[in-house]
Amino acid sequence: MSLKKNDAVAKQLVDNADAALEVAKKQVEAANASIRGVQTNVRYTKVFAPFDGTIGISAVKKGAAVTAGQTVLNTVSTDNQLAVDFNVDQKEIYHFASLLQKGRSLNDSTFTLAFGNEVYPHNGKLSC
């Protein structure tokens, strides 16, 4: 600034230098904001399953780009019993409810799950 006070440099050069300094400051602010954004994204890279189980083979390779809420990373299968809700007609509900009230064994209430032609290898049982 002492050069400006002594009129040793043209005012336009000083103005250009001041403008370049302000642009550089804004670029530093933008870079810092970008760093903060990346740091936030890194914090979200730890994935936790809501239950214990067995994890399958990863569907995404290390370093691949993913989109939150859209990219399936892996599948976790529970090792515990599985509960399934499904619709049953009134007649069947009455039948199984009456068996429960009579205290009878529900061995006859086992069922098999099938998905298309694929049959699940373990029998299930109904509980009301």
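User: What counts as a salt bridge here?

Analyst: A side-chain nitrogen of Lys or Arg must lie within 4 Å of a carboxyl oxygen of Asp or Glu. Side chains of opposite charge can pair when their charged atoms come close. The model is predicted: local features need pLDDT of at least 70, side-chain atom pairs count only at pLDDT 80 or more, and totals for chains, interfaces and linings use all residues. Residues are numbered from 1 along each chain as its sequence is written, and side-chain values use heavy atoms, leaving out hydrogens and water.

User: How many salt bridges does the rule give?

Analyst: Two. Lys-11 pairs with Asp-15, with the closest N and O atoms 3.2 Å apart. Glu-22 pairs with Lys-25 at 3.7 Å, N to O.

User: Where do Glu-22 and Lys-25 lie?

Analyst: Both are in helix H2, three residues apart, about one turn of the helix. Helices are DSSP runs of H or I, at least four residues, numbered from the N terminus. Lys-11 and Asp-15 are four residues apart in H2 (residues 11–43), so about one helical turn separates them.

User: Is Lys-11 buried or exposed?

Analyst: Buried means under 20% relative accessible area, exposed over 50%, partly exposed in between (1.4 Å probe, protein chains only). Lys-11 has 55%, so Lys-11 is exposed. Asp-15 is partly exposed at 36%. Glu-22, at 40%, is also partly exposed.

User: Which residues make the nonpolar surface patch?

Analyst: Patch residues have over 30% relative accessible area and no salt bridge; nonpolar side chains (Val, Leu, Ile, Met, Phe, Trp, Tyr) are joined within 5 Å, like charges within 9 Å. Here Leu-82, Val-84, Phe-86, Val-88 and Ile-93 make a patch of about 460 Å². Areas come from the Shrake-Rupley method with a 1.4 Å probe; for residues, only the protein chains shown count as cover. Ile-93 sits in helix H3 (residues 90–101).

Conventions: Helices (H or I, at least four residues) and strands (E, at least two) are DSSP runs, numbered from the N terminus.
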